[in-house]
Amino acid sequence: MRAVIQRVSEASVTIAGEITAKISNGLVVLIGIEVEDTINDVTWLTSKIAKMRIFSDANGLMNKSVIDVKGEVIVVSQFTLYASTKKGNRPGFTQSAKPEIAIPIYQKFITCLEVEIGKSVQTGKFGADMKVALINDGPVTIQIDTKNKE
C-alpha cells in the first residue's frame with residue numbers, strides 16, 4: 001500500500017457537486033492499493049498513520065498525533081499512486097489492484113483506522129470522480145509505502 005498523508009486545517013470531498021466529506025483540523029489520507037497488499041499492510045499502515053507525530057505541540061514541535069489533537073480524517077482511494085511512468089508519456093496502472101481486490105482492502109483500511117483513532121473516518125467514494133479540496137497545514141505531506149516501511 002502507498003499513502004500520501006497531508007496535515008490539513010480543512011478539507012472536503014465533493015462528488016457530482018455534493019460535499020460528501022468535510023473536516024477541519026486533521027489528516028487527508030490518499031491511499032493506493034496494489035495487487036500484493038494484505039491485511040498485514042493494512043494493520044501496519046493504519047497504526048503508523050494514527051500514531052504519527054506530525055501535529056505541533058505547545059513549543060511548535062511536531063510531537064502530537066492525530067489522536068492527541070482529536071483530529072479528523074478523510075480517506076480517499078487513489079489508484080494513481082501506483083502509476084508507472086517508465087515508458088512513454090501515458091502512465092500505466094497495472095500495479096494498482098483491480099476493484100474486486102482493492103475495495104475490500106480499502107474498506108478494511110477504513111475500519112482499522114477508525115479503531116486506531118477511536119472515531120469515525122470520513123471518505124470519498126471508491127472509483128468516483130472526486131474533487132478533493134484542502135488547505136495543507138505547514139505544509140506537511142508524508143509518503144509511506146508498506147513494502148519498504150518508509
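For the charge count used here, Lys and Arg are positive and Asp and Glu are negative, while His and the chain ends are not counted. Each charge is placed at NZ of Lys, CZ of Arg, CG of Asp or CD of Glu. On this basis, the mean positions of the 18 positive and 16 negative charges of the protein chain are 2 Å apart. The model is predicted, so local features need pLDDT of at least 70 and side-chain atom pairs count only at pLDDT 80 or more, whereas totals for chains, interfaces and linings use all residues. Residues are numbered from 1 along each chain as its sequence is written, and side-chain values use heavy atoms, leaving out hydrogens and water.

**Overall fold**

- The protein chain has 2 helices and 8 strands, which are DSSP runs numbered from the N terminus (helices: H or I, at least four residues; strands: E, at least two).
- Along the sequence, these elements follow the pattern β-β-β-α-β-β-β-α-β-β.
- Of the 150 residues, 40% count as buried (under 20% relative accessible area, with exposed over 50% and partly exposed in between; 1.4 Å probe, protein chains only).

**Helix 2**

- The buried residues of helix 2 include Ala102, Ile105, Tyr106 and Phe109.
- The buried residues of this helix pack against strand 3 (26-32), helix 1 (39-51), strand 6 (72-77) and strand 7 (122-123).
- Glycine 118 follows helix 2 and has a positive phi, near 75°.

**Leucine 134**

- Leucine 134 belongs to strand 8 (residues 130-145) and is partly exposed, with a relative accessible area of 30%.
- Beyond its neighbours within four places in sequence, leucine 134 is in contact with Gln6, Val8, Glu10, Ala11 and Val28 (contact: heavy atoms within 4.5 Å).
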